[in-house]
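Let us walk through a protein model together, one step at a time. Keep the picture open beside you as you read.

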Amino acid sequence: MEEIRTDWITTEELWPLFEQHQNQVFYTAKGLAFTYTIKGGEMFVDRRSKSITRATVEKAYEKLKADNGQTIHGPKKLNVFGAPYIWALFSGLELIKGKEELTR
């Protein structure tokens, strides 16, 4: 089970944090390696052809913060496009901590 932080960064700080970690290797919960780049308000994951928008990432983050670890315990529960990648970034950037380390 994931430990959810109580010292949240703001939603406004989230996208710049993602921008700082472009081209870093992250791993999905299933262990698939990926990198991403950001162009404007879109995140392009090397394993997908469609981009994930900033609004989608922020929506997922707001859901996670509001839930505070009560019911959201994995990417599917985020219920947004690109959830496995968003979840991996949240985990890899230590916004959530689970049993598995998702960055190596």
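Helices (H or I, at least four residues) and strands (E, at least two) are DSSP runs, numbered from the N terminus. By that rule, the protein chain has three helices and seven strands. Starting at the N terminus, its elements follow the pattern β-α-β-β-β-β-β-α-α-β. This is a predicted model, in which local features need pLDDT of at least 70, side-chain atom pairs count only at pLDDT 80 or more, and totals for chains, interfaces and linings use all residues. Residues are numbered from 1 along each chain as its sequence is written, and side-chain values use heavy atoms, with hydrogens and water left out.

Now find the open sheet, where three strands line up in the order S4-S5-S6 with antiparallel pairing; two strands pair if DSSP finds at least two bridges between them. S4 (36-39) and S6 (52-53) stand at the edges with a single partner strand each, so one side of each has no neighbour in the sheet. Four bridges join S4 to S5 (residues 42-45), and threonine 37 stands opposite phenylalanine 44 in S5.

Next, look at two helices. The axes (lines fitted to C-alpha atoms over the stretch in contact, with angles from 0 to 180 degrees between N-to-C directions) of H2 (residues 54-67) and H3 (residues 83-92) come within 11 Å and cross at roughly 60 degrees. Where do they touch? Thr56, Val57, Ala60, Tyr61 and Leu64 in H2 meet Ile86, Trp87 and Phe90 in H3, contact meaning heavy atoms within 4.5 Å.
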